[in-house]
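Please view the sequence and the structure before reading on.

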Amino acid sequence: MRIAIFGGTFDPIHSGHIQAAKAAARKFHLNKILFIPTGSPPHKTTDGLTDFHHRFAMVALACAEDSRFVPSPLESPDLRPGPHYSIDTVRRVKQALNPGDSLDFLIGLDALIDLPHWKQFRQLVDLTDFIVVSRPGFDSREVERALPRDLLDRRPRKNSRQLRLRRTTLHILPHVEVPVASTDLRRAIQQKQDIRGMVPPMVEQYILKEGLYQAQLRGGK
């Protein structure tokens, strides 16, 4: 099986996340995508972050529409207290794989550019292939500039949408429109605007039922 990890705060998960996951599954023949909401992101304050059980519930509802999408509580603060780092999550997922399974890390372009600031990012790049969701008008040279030269395989590239690293491969998923951001969603909810189409229908019902995002506004994606 070809399995991918898709992590994030998912506060809330929105249609852009689902669209990106479907495009990746279609393009790279992914059998399973693990949606892993983080419990305690090291790069963001947890002040104002919606409780994990709400974010996980919304992810589970969003995943119900596609059998390839699997909600994972791997970074639940009840299971793993303290900050959650991608390197630790990838190691735990790889330990659970069956022989012959492969693992990809689904990531947005902006997050990839920030990758050198992640914990043990060199080891992370060596552990798993990456699928980079890129926006229209994306220049693949942005990826090369983001990574240290010693991580790159310097042989001539045969495919502009594939970047060979020293031990793994970085695949570029081009032209994915993600018109929604979680910040915009929270603002729309706070201002009592219509969010139909911005989130899966069951997620919208959950947000309204639980009264989420109606008090304060904060940053994040």
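## A stacked pair in a helix

F56 is partly exposed, with a relative accessible area of 21%, while F52 is buried at 12%. Buried means under 20% relative accessible area, exposed means over 50%, and partly exposed lies in between, using a 1.4 Å probe and protein chains only. This is a predicted model, in which local features need pLDDT of at least 70 and side-chain atom pairs count only at pLDDT 80 or more, while totals for chains, interfaces and linings use all residues. Residues are numbered from 1 along each chain as its sequence is written, and side-chain values use heavy atoms, with hydrogens and water left out.

F52 and F56 are four residues apart in helix α2 (residues 52-63), so about one helical turn separates them. Helices (H or I, at least four residues) and strands (E, at least two) are DSSP runs, numbered from the N terminus.

## Aromatic pairs

Rings of Phe, Tyr and Trp (its six-membered ring) pair if their centres lie within 6.5 Å; planes under 30 degrees apart count as stacked, over 60 as edge-to-face and the rest as tilted. By this rule there are seven aromatic pairs. F52 and F56 make a stacked pair, because their ring centres are 5.9 Å apart and their planes are at 20°.

Which kind of pair do F105 and F130 form? The pair is tilted, with 5.3 Å from centre to centre and 40° between the planes. F105 belongs to strand β4 and F130 to strand β5, so their pair ties together parts that are 25 residues apart in sequence. F105 is buried at 6% relative accessibility, and F130 is buried at 1%. Ring pairs also link F6, F10, F35 and F69 into a cluster.

## The sheet

Seven strands form an open sheet with mixed pairing, in the order β3-β2-β1-β4-β5-β7-β6. Two strands pair if DSSP finds at least two bridges between them. At the edges stand β3 (69-71) and β6 (162-164), each with a single partner strand, so one side of each has no neighbour in the sheet. From one strand to the next, the twist averages 25°.

Strands of a sheet pair through backbone hydrogen bonds, either parallel or antiparallel. Strand β1 (residues 2-8) pairs with strand β4 (residues 102-108) in the parallel sense, over five bridges. The bridge partner of I3 in β4 is L103.

## A buried serine

S182 is located in helix α7 (residues 182-190). S182 is buried, with a relative accessible area of 0%. A polar atom of the S182 side chain lies 3.1 Å from the backbone oxygen of P12.

Note on methods
Axes are lines fitted to C-alpha atoms, for helices over the stretch in contact, and angles run from 0 to 180 degrees between N-to-C directions. A polar contact is a pair of N or O atoms within 3.5 Å; within protein, one must be able to donate a hydrogen and the other to accept it, and residues adjacent in sequence count only if both atoms are side-chain atoms.
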